[in-house]
Amino acid sequence: MRPFLHKFRILFTRIRPAVILRLILHPSLFKVTARHIFGIPLKIAGNKDHLESAMEWLSLSQEITGTGGSAASFGFESGWALPYPETSGYIISTFLRYSSFVNDPGYLERAIRMGDWEIEIQLPSGAVRGGSGINDYPIVFNTGMVILGWADLYKTTNDKRYLDAAVKASDWLCSISDNDGKWARYTYNGIPHAYHSRVAWALFVMADLTSSDLYRETALRNIRWILSLASDNGWIDLMGFSQDELPLTHTIAYTLRGLLESSHYLEGDLKQQVRGLVISNSERIFLKYEKRKRHPNASPEYLAGRFNAKWQSAASFSCLTGNAQIAIIWLKVYRINSDARLLNAALKILDQLKEVQDISSSNRGIRGGIPGSFPIWGDYMPWSYPNWATKFFADALILQEELMKPLEQR
Amino acid sequence: MKYGIITADQELYTKRLIYFLKFNFHKPDCVIQVTNSFFHRIKRNLNLRAVVSILKAQTSERVSSSAKPSTDHLARYLESLGITIPDISLVQACKNEGIPLFTTNDLHSGKTCELLRRSELDLLINAGGGIFKSCIIDTVRIGILNAHMGLLPDMRGMNVLEWSIFYERKLGVTVHIIDRGIDTGDILSFKPISIEKGDSISDLRDKTGIANFELFSEVLIDFKTDSLTRRKQSPEMGLQYFVMHPRLRSCVERKLRDMSADKSSIPIN
């Protein structure tokens with residue numbers, strides 16, 4: 001009873017008059033809220049239906065902006081947001097992956113439109129703009145994320161425009177990197193972040209494409225700097241958005257994914273050290289998840305949205321974006337070490353995401369999208385469906401299908 | 001030596017175990033039944049998502065128990081020994097056999113601990129009693145015996161029969177002493193089970209029941225004759241497994257079908 005009352009108390013502190021008005025006017029939004037209040041899961045359909053629906057939501061988020069970029073989110077309060085350069089950058093990769101997964105050239109065209117839009121709005125310095133909409137300030141992380149999209153587009157289309165844009169962006173990243181490897185300027189909240197490991201990953205990709213030693217050295221320095229932040233229990237400092245709040249699973253997963261992908265470009269002891277850190281941390285989170293249940297045979301509860309430095313659950317909401325990203329990490333670690341317990345946990349956590357993905361809602365802003373948090377008024381992106389939650393969910397489903405195929409064919 | 005059996009929602013299994021052990025001259029000194037009623041569980045977890053999850057778990061339990069094995073191997077085994085299980089309730093069976101039966105609706109209540117303390121048991125056999133906290137573990141002099149459906153220390157936790165097939169590991173039952181961890185207590189004995197042509201997971205589960213009974217009986221003899229060896233295990237010696245997702249379970253079912261269709265290709269054992 002206590003968690004239920006706690007949920008209500010938080011709901012009443014979070015709900016704003018504008019949201020109440022929208023809930024009254026839009027039964028589809030009210031339905032979502034009611035389901036989250038009472039914890040009623042939606043019926044799970046086949047993976048194909050969930051994936052298709054997620055991709056349709058992402059396509060709509062692109063169409064709605066009329067720019068080529070994807071709207072940052074669909075919110076209860078203000079509907080579709082402005083296009084978001086950062087996340088559009090990595091949604092390019094999702095469109096490309098899905099296009100080849102279902103053999104649909106339409107998604108390749110979408111990826112191209114998105115990549116072209118990113119080139120159109122690239123800052124003269126080569127950096128990518130911060131925030132959603134068209135802002136004049138550059139941000140390191142956003143730049144790295146768009147490089148990943150451009151690099152994938154270049155690999156698919158062989159169109160040099162994408163490589164040139166990515167080179168310009170990479171040069172900018174190298175020019176502002178600190179001697180110790182961190183990025184401290186042009187960062188979100190003005191502080192260095194451990195999740196810049198994803199930026200290092202982008203530079204490794206670029207080093208591979210261009211044989212640039214500068215990109216490789218800059219990326220290596222950043223990875224070494226991140227390793228210097230790790231404690232004996234695997235916890236990595238500065239994984240959060242700011243220093244005065246505990247990191248979300250979203251940014252923890254960002255950090256781990258960046259390290260894991262970077263490890264493919266490393267060798268020897270450093271590779272082992274980075275992989276070891278990612279694998280041990282993903283196992284820690286996996287055990288936290290699997291042990292969070294009310295009955296030995298029941299499904300696990302939602303993963304907490306935040307962790308503290310002792311790896312203790314530190315939030316009463318779940319960050320669904322982070323859950324999809326964690327699923328990807330578990331799947332990728334399974335591919336490395338064949339520990340099927342991680343595959344198993346990924347299947348379960350993705351089922352929980354399917355339980356909140358309404359694939360038959362009459363509201364196109366909701367249909368196929370993944371909310372930022374569970375419950376929807378949770379700390380992370382309250383009352384909204386961020387495009388990156390749906391993006392990571394779609395990525396996870398594609399990866400899941402790829403990994404299940406050999407097991408099911410055997 | 002004084003020993004008891006503790007159970008929850010496993011009437012038939014417990015009844016069979018009592019008659020089997022009695023047949024082997026180990027009549028239990030008492031039976032403790034935990035009546036974790038459905039209403040009790042719902043009341044404790046008043047949260048709709050949890051309720052749905054419990055309902056799902058109940059349904060899957062029912063489905064897995066309704067997915068009857070092609071043969072009731074345990075019943076046939078008992079029959080072959082000449083043991084007849086009367087069609088009566090556990091309460092009645094205990095009454096008929098003169099075994100004191102205690103019921104409780106909360107395994108970890110002070111009342112249950114007190115009851116166990118007063119019973120002064122040397123051993124307690126777990127026949128699906130649940131997960132034990134230290135307040136219960138500490139009340140039994142030697143310890144609580146558990147039959148685990150896999151090879152310890154490698155395969156700990158849930159659905160280890162399925163996980164063993166998935167990883168093509170040895171199938172069988174390990175009897176161990178329950179400690180504060182999950183399947184981390186001292187190992188007493190292991191009995192392998194074999195896959196036969198046409199076996200399904202339900203068949204194998206049923207066969208583990210036979211191995212459980214035989215192991216319990218053997219271990220009780222060893223305790224009585226003071227000839228038991230306890231093998232310590234440390235937490236890092238094995239991995240803990242969790243409930244298998246239905247999609248992986250289907251892979252395991254398929255794998256087992258292929259393996260048991262052609263017994264000669266079985267890589268296990």
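Is Val243(B) buried or exposed? In this predicted model, Val243(B) turns out to be buried, since its relative accessible area is 15% and anything under 20% counts as buried. As for where it sits, Val243(B) belongs to the loop that runs between β9 (239-241) and α10 (246-261) of chain B. Its neighbours come from both chains: leaving aside residues up to four places away in sequence, Val243(B) touches Lys293(A), Pro296(A), Asn297(A), Asn344(A) and Lys348(A), along with Met158(B) and Asn159(B). His148(B) lies 95 residues away along the chain, and its C-alpha atom is separated from that of Val243(B) by 15 Å.

Laid along its principal axes, the C-alpha trace of chain A spans about 60 × 50 × 50 Å. Some 62% of the 410 residues in chain A count as buried. Take the contacts in chain A between residues at least 6 apart in sequence, and 68% of them join residues at least 24 apart.

Two helix pairs in chain A are worth a look. One pairs α14 (residues 340-354) with α15 (residues 387-409); their axes come within 11 Å and cross at roughly 135 degrees. That angle makes α14(A) oblique to α15(A), and the crossing is left-handed. On the α14(A) side, the contact involves Leu343(A), Leu347(A), Leu350(A), Leu353(A) and Lys354(A), which meet Phe393(A), Ala396(A), Leu397(A), Gln400(A), Met404(A) and Leu407(A) of α15(A).

From α4(A), Met55(A), Glu56(A), Ser59(A), Gln62(A) and Glu63(A) take part, while α6(A) supplies Tyr107(A), Arg110(A), Arg113(A) and Met114(A). This contact divides into three nonpolar, two polar and four charged residues.

Methods. Residues numbered from 1 in each chain as written. Chains lettered and ligands numbered in written order. Predicted model: local features only at pLDDT ≥ 70, side-chain atom pairs only at ≥ 80, totals over all residues. Heavy atoms only, no water. Axes fitted to C-alpha atoms, helices over the stretch in contact; angles between N-to-C directions. Helix = DSSP H or I, 4+ residues; strand = E, 2+ residues; numbered from the N terminus. Parallel < 35°, antiparallel > 145°, perpendicular 65-115°, else oblique. Left-handed = near helix turned anticlockwise from the far one by under 90°. Contact = heavy atoms within 4.5 Å. Buried < 20%, exposed > 50% of the residue type's maximum accessible area, 1.4 Å probe, protein only. Nonpolar A, V, L, I, M, F, W, Y, C, P; charged D, E, K, R; others polar.
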